[in-house]
Amino acid sequence: MSATELTGIGVGSRAAVGEVFLLETSDAVYEHQSTKHSPAEEASVLATAIATTAAGIRDESATSDPTAREILEALLIILEDPELQEMAKPYLSEGDDAPTALFKALDEFAELMGDDEEFLSRVADLRGIAARISGWVRGIAAGPSIPTEGTWIIVAEDLTPLETSQFGGSVVGVVTELGGPTSHTAIICRALSLPAVVSAKGAMTLTPGESVLVDPEGNRVVSGGTLSDATQALTFIPQSDAPLITVRANIGGLEDATHAAKTSARGVGLFRTEVLYLSASREPTLDEQVASYVEVLKAAPAGKIIIRTIDAGSDKPVPFLALGHEENPALGVRGFRLAHDFGDFQKSQLAALAAAIDATGRDVGVMAPMVSTVDEVKSFHALCHEAGITQVGIMIETPAIIQVLPDLKGILSFLSIGTNDLSQYLFAADRMHPQLGALNNPWQPGLLRSVNQVVEKARDLDIPVGVCGESAANPLLSIVFAGLGISSVSVAPSAVEAVSTALASVSQKQAKQASLLALAASTPAEAEATVRAMFG
Amino acid sequence: MTINHTFTVMDPIGLHARPVGQIVTLVRESGATVTLRNSEGKEASAASALKMLAMKVKSGESLELVIDAEDDAAGHALAEAIEALVNEG
């Protein structure tokens, strides 16, 4: 029997089999209705309905994940605010029933909040709770409640904190049409250790009650599949003592550096210096900066250290740099662009780094984040030389800088690709957007071929290229990067061992083969599946 | 006893739903009266989640707390706790 198969993005590594439970909400709770009761009577119904429903939701969520509960509590407090009932009163006076007036008051408030994205992302949840309140008033269930008996795979468009908070022991897996690797659903499922496949197109066409296999390792959902069909997690057996390419650690400060030194990381591929400044209320003096850097450099694992200069922006503000509000911080004044307005600070950071390099004698390269033009690179290079820093590099995060790499010959000592931001800017897709998770999948051919382009252009410059984005923490992708000609990867200290093991288990020839397969694929699913098949 | 406490909102997404909910609960438990005031002089009672959200306080903006508490110590402790909820919550 050929089974229906949906592909998406897997969350977790364990597979699960269960019966489909479609989570849909009945339209009747949202209908606008009028009432024969007086506005005062309806107002009292509304107050009772809000209080009763809120108490019920608090009971049900008492055992759910603390993060989900905090968000849910905030939503309940908004709905319980007497101010909202005040806003509902004019609608009650016009003859609306309590639920209709509540929905209209919420809409009015949402309009008042305008383009506040954080709030807009909560409006669906608020309406979800309002639907329960409406269901209570009108005597209809706001949605089928999940049975406490059985083994269920919850299938929905996307899940809200209200819905995930109601998951009990009968829920064994989750499939959603929307969402990405960092969406609410994915984060909660990871926290609850629930296998999930998000961004699975066609999920809502699954038949209620049918048995399906949720196979996160295989990024798929299989109708009628059994656990024996599930994709097995890969295990790598080291064939040599050293990984094929250098594995370094990403650090943000002293604590990470100390932790990284206990792993097999050979040096640091990304030291995010902004962490030292984000919590400082005033600009640290030169001596204070030198002291912090000396501490970190001394504690860092043996090997080369790559330091990134301050990477802040209006969404990652540094208190002593006055960054105004921006409509679109990801496309705003961030990274090295700050050096234009805050030149003195950039100079003082570089002077501090140079002094710390001198004091510790460590082998250090310094790189700039978020550069996109030859002029920016030249200006960073000049600032570094003025400070006495000789190994100068840049992050590859913008598509524009890739095209001008040939013009940078003789200026730079190394390149480092930040795959998270490079994806965001290549695909014009916000990293946190619930509907755009699939575009930020690091197996996207558009990303992998761009990485390949960087390596090819860097060959003419005769300088090494590293990858320091989260994608390198995926063992299979680290092998692909090695095959493309990347000479080092840098990952979170917790991922160093897994990546080192994978890279010690393959030959140069196998890595090359894996990279050719990945480059030839036209979809992320095909890229991952063909590379996985080599090692599975 | 009325005290004033001004701080800069550092959370990347500004003053958002989760800390606002926590502030309502905290202020309710403390029995104090707390008003938030932004740099333009716009005010909201810390008893109303909706009013605080409607101030639309962004990251980098300064926020003043006007706290009417039993005594100075309680007021300052409440101020610190609210600042922590906003910036570390």
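This is a predicted model: local features need pLDDT of at least 70, side-chain atom pairs count only at pLDDT 80 or more; totals for chains, interfaces and linings use all residues.
Reader: Why is L415(A) called buried?

Author: The cut-off for a buried residue is 20 or more other C-beta atoms within 10 Å. L415(A) has 25 other C-beta atoms within 10 Å, so L415(A) counts as buried.

Reader: Where does L415(A) sit, and which residues does L415(A) touch?

Author: L415(A) belongs to strand 14 (residues 414-417) of chain A. Leaving out residues up to four places away in sequence, L415(A) touches G393(A), I394(A), I396(A), V454(A), A458(A), I463(A) and V465(A). Another pair to look at is L415(A) and V392(A): they are 23 residues apart along the chain, and 9.0 Å separates their C-alpha atoms.

Reader: What makes helix 15 (residues 419-426) of chain A mostly covered?

Author: Count its residues: 6 of the 8 are buried. Those buried residues are T419(A), D421(A), L422(A), S423(A), Q424(A) and L426(A).

Reader: What do the buried residues of helix 15 of chain A pack against?

Author: Their partners in chain A are strand 13 (392-396), helix 14 (399-403), strand 14, helix 16 (445-461) and strand 15 (465-467). Strand 14 is the one that holds L415(A). After helix 15 of chain A comes A428(A), with a positive phi near 50°.

Reader: Which residues touch the most other members of the largest nonpolar core?

Author: That core has 95 residues, and the ones touching the most other members are L75(A), L102(A), I153(A), V155(A), V175(A), A196(A) and V214(A). Helix 2 (residues 66-80) of chain A gives the most to this core, with 9 residues. The core takes at least three residues from each of domain 1 (5-24 + 144-229) and domain 2 (27-138) of chain A.

Reader: What does I153(A) touch?

Author: Beyond residues up to four places away in sequence, the partners of I153(A) include A16(A), F21(A), V172(A), V175(A), V212(A) and V214(A). There is also a second, separate core, with 87 residues, and among them are A312(A), A339(A), W443(A) and V496(A).

Reader: How many residues of chain B are in contact with chain A?

Author: 21 residues of chain B are in contact with 24 residues of chain A. On the chain B side, helix 1 (17-30) and helix 2 (49-54) are the elements that give two or more residues. Helix 1 of chain B gives the most, with 6 residues. By type, the chain B side divides into 10 nonpolar, 7 polar and 4 charged residues.

Reader: What is chain B built from, and how much of chain B is buried?

Author: Chain B has 3 helices and 4 strands. Read from the N terminus, its elements run β-α-β-β-α-β-α. Of its 89 residues, 39% are buried. Among contacts in chain B with a separation of 6 or more, 69% are between residues 24 or more positions apart.

Conventions: Residues are numbered from 1 along each chain as its sequence is written. Chains are lettered from A and ligands numbered from 1 in the order in which they are written. Two residues are in contact if their C-beta atoms, placed from the backbone, lie within 7 Å. Ala, Val, Leu, Ile, Met, Phe, Trp, Tyr, Cys and Pro count as nonpolar, Asp, Glu, Lys and Arg as charged, and the others, Gly among them, as polar. A residue is buried if 20 or more other C-beta atoms lie within 10 Å of its own, exposed if 12 or fewer, and partly exposed in between; C-beta atoms are placed from the backbone. A nonpolar core is a set of buried Ala, Val, Leu, Ile, Met, Phe, Trp, Tyr and Cys residues joined through C-beta atoms within 7 Å. Domain bounds come from an automatic or database domain assignment.
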